[in-house]
Amino acid sequence: MSNVDRVAAPARPLLAPPHWRIADLSESSRWAYYLLVPSLLLVAAVAVYPVASGVWLSFERYNLLRSPVPTFIGLGQYADLWTDSTFWTSVRNTAVWVTVGAASQFLLGLVTALALNRPGLRGVGALRIGLLLPWLMPSVVAGHMWSLLLDSRIGVVNDVLVRTGVLHTYVAWFAQAETAMGAVLVVDLWRSFPFFTLLLVAGLQGIPEELYEAAEVDGANAWYRFWRITLPLLTPVIVAAVILRVIGLVNAPDLMIILTHGGPGLATHVLSLLAFNDAYTGFDFGAAAAVGTVMLVLLMVFTSLYVRVSGVTRD
Amino acid sequence: MGSRAQTRRFYDAVAYVVLIAAFFFAVFPILWTLLTSLKSNADIVTTEIQYLPLRPSFENYATLWAQAGFTAMFFNSTVVTILTVLVCLSVGVTGAYSLSRYSFPARGQLLLFYLLIRMFPAVLLLLPIFIALRVLGLYDTHIGLALAYSTLLTPVSIWMLKGFFDTIPPELEDAARIDGCTRAGAIVRVVLPLARPGVAATAVLVAISAWNEFLFALMLTTSQGIRTWPVGLQLMVGEYQLPWGLLTAGGIISIVPIVLFFALVQRALVRGLTLGAVKG
Amino acid sequence: MHRRDFLKSSLVSGTGLLVAACAPQAVAPPGVSSSTSGAPTSSAPTAAAKPNGLSGTVTYWHTFTSQSEMDGLDRVTRAFNQKYPNVTVNSENVPNSDFMAKFSLAVQGGAKPETTMISSVRLPDMVAMGGLMDLTARVASWDQRQYLPDERFKDATLNGKIYGVPSFAFVNWMYYRADWFKEAGLAPPKTFDDFQNAAIKLTDPSKNRFGFGMRGAGGGEGLLIEVMRSFGSPIVDDKGQPAMDRQKAIDAVRWYSELFTKYHAVPPSVTNDSFQQIMTGFSTGQTAMLWHHTGSLIDVSTALGADSGKFGTLARPAGPVAHIADVSYSYNGMSDPKNADADWAWLDHWAQSDTQITFLEATGYFPSSTKVADDARIKNNPYYAPAIETLKFGGPAPAFAGSSNWGLTVVLPAFQRVLLGEIKPEESVDLMMKGLDKAVNG
């Protein structure tokens, strides 16, 4: 009560000038827009030109080796992609990679967040840091460590699985088409679930205890409390986390490059790898821009639909 | 009454099982990284896998630290990360609050617009940003790299922070305003304290992303200037060389500062004030 | 350190030769060393200008990684600083896997380095994007030219222009488990038939032994291309047009892939085995034979023991039509003309005998200068003998603008799919030929 009282009766001249100005500013009808200015400036100033020129590049032929002067060719790059079997394989692989990846990472993140959030558990601090460690590891180290862990000659995971009788012989996880994608998904699950854990734990903290207590008094069981209280209130955080993670999965080829580089064959070849190869092995920036634009469109569609369906921008 | 306590204990037990399994899954590879960093190369590439190092030594760490430029790279990464977190939080809190609380035309589209720069593969953004930094004279400077990171991480911050702000009922601010608070005052006195876990989580995630970022760091810095830690790690991997001991030592060194940062920030992740205290 | 000990220990005394080879080069003024170049010694471009006349900074991009390489670079740089005290060399270490990404960005963004290390496979791309300067005139009137035969410049020559100066060489050869061969009573293989025979005989699943550590991931495409050429199928002709022989290429792919698919003489992890993995396989006693080049000699001998009798080096076996082994040179070139004379002094320095020997001592890398190759440290070292032999028939791998991309994104996946049993050799060759046409003709 005393805090609010103090705020309730400020005498204007007693307040320090900057505070006074911001306080005044915040009362204006344009406050919402003023709040947006800093971030908009930063992002718009830097985002608009690169993305626009990137998309424009997809309508041009621009290859550092062969056609170093960009020339407009309309939908030529897209026509090339349409007839390129590698492109379609990459699309299929990306669909698997993103769906299974995002779902598995979200579920593990949610489950661990719920567990961490339980009041009265001991040793949660140490557990929390431990769970976060995979996300802290730089990709170059994480990628090479996992290729060592799963190595078919000196890999610890193989050794343990053989000693415990689960496997008969060492398996070359990344060398077989059937297991390569699964193995990379496990590595990314390890690396990325803490992203969800961290965000969801923070989000769960925002749900008032009183709501649960009231529900318990009314006789609601754990499932009910979860579905009717936790999930709905957590939705804004879930939507933000899922969208950000999906964007990361679609756009970043870092783990894939280290673990399999799209192989064996094309078993783990995804769109981000196609764009990367086009740009930095083929120096065909026009083609890379086309793949990038396809990825952009897919992500835009997904994000708009998901945001609308989940209602987070509903007023 | 008894059965409710029983159900609670049951779920507590389930929680422990889940946490310990997940903890094991998360920590085992890190532990292996640590063990590998204490071995010499001859003990890593062997016919019989050595679990515990037969001849543990900190030689890899010593070599790494003595190697030219590593302390400098570490320092550069720290400075760039701190700058990035400061920019992203200040710019992110204001933007996210507006998008969370106020409805105005094109709000949905604006939210999507912020994500635009993240939806395009980084490889294609490099040239424009490279040229921009050179033109501004910010190429190979801490501020330049932090700005480049901030443009990528501000959208992330805004989306995350907006999500957290959305979970705080606006009625609380209305109550504060009725009591005479300005809108800005309400943000500072009501929303931010309640959103502390969210702000802390966002700060941690932005810090981690900035600390580990490789591609922009590679392209926008040089060894004479502000080359950062992840580039140093990548430099260890040559065409014919992969020094497991050094690389893993580098990885362990890499996570120490963030673990410390997280330990500091950890208490903020737990909401200090409860709703009751503010409502009065 | 290991390397110097190794070189010394496997050497029959040749120090007398060494001194003779070294002495006159120490600080030879331009024109004094037996020069037949014919250019007047007083003009600047002949050899490096007067030591104290040059000043400024020279940036040098390189991909040296290991301690020994960095040590070598350090020593070479210090020697250079003694010759040219007013020139500062700023070496910029670029991660090998990201070199071309950073270079292409520098070219596009107008921030090229003054000098740079160039691997032979990257040269055509670097020239095509306008990243390298034409050095033909400087090389023509250069006093070190006599020690660098024409063929060593072949990989650095495009359309008659020279873009790089060779600094050291990687000679493709093979390693084999001499002890296993002895045990099985086999002679080291000289032909593809011998090779296949040995690979099959030395495979013993019960002992977890495989005959050949095939490289089926990144870098493996180069080996496959060597096999195709050994079977008589070139890749491009003299004019740079696609010239693959479909039938011969199919025979090659079939022969090579059957080592795995039919005879199981290759470890099952082949499609994910890159350099790191095949080295591990050979070092830990999983494989009997390994195809790589002279650059890894020190690593192999450290792992298996230099004089243990466990391993030996050998020239690559001869194919049914041709005996092919790639010899690739690492070049140094100029990118940005800002400080051209100082840049050239740096390039010239690398080709000098003392530099080459210094670097050889530190890294074991094969020198590019014929003068140094006569050095006792190389001639009398039995491990290097197959490399010297290979230099007689080996030559550059086919490289053209876009060849790296073709190899990595077309040839390798197609071959991996044959290994996986997804497609037949015929289909894979068709894919490769189609991709080759696209790479050359757009």
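Two residues are in contact here if their C-beta atoms, placed from the backbone, lie within 7 Å. Keep that in mind. And keep in mind that this is a predicted model.

Let's start inside chain C. The domain assignment gives two domains. How many residues of domain 1 of chain C are in contact with domain 2 of chain C? There are 19, and they meet 17 residues of domain 2. On the domain 1 side, α1 (2-9), α5 and β6 (165-177) of chain C give two or more residues each. By class, that side has 10 nonpolar, five polar and four charged residues.

Now the contact between chains. Chain C puts in 30 residues, and chain A puts in 22. Which elements of chain C each supply at least two residues to the side that touches chain A? They are α4 (99-109), α5 (123-128), α11 (275-283) and α18 (403-420). The most comes from α18(C), with eight residues. By class, this side of chain C has 11 nonpolar, 16 polar and three charged residues.

Last stop, chain A. Find A:T169. It sits in the loop between α8 (156-163) and α9 (177-205) of chain A. Is A:T169 buried or exposed? A:T169 is exposed, because it has 12 other C-beta atoms within 10 Å, and a residue counts as exposed at 12 or fewer. Now look across to A:E209. A:T169 and A:E209 are 40 residues apart in sequence. In space, C-alpha to C-alpha, they are 52 Å apart.

Conventions. Residues numbered from 1 in each chain as written. Chains lettered and ligands numbered in written order. Predicted model: local features only at pLDDT ≥ 70, side-chain atom pairs only at ≥ 80, totals over all residues. Helix = DSSP H or I, 4+ residues; strand = E, 2+ residues; numbered from the N terminus. Nonpolar A, V, L, I, M, F, W, Y, C, P; charged D, E, K, R; others polar. Domains from an automatic or database assignment. Buried ≥ 20, exposed ≤ 12 C-beta atoms within 10 Å, placed from the backbone.
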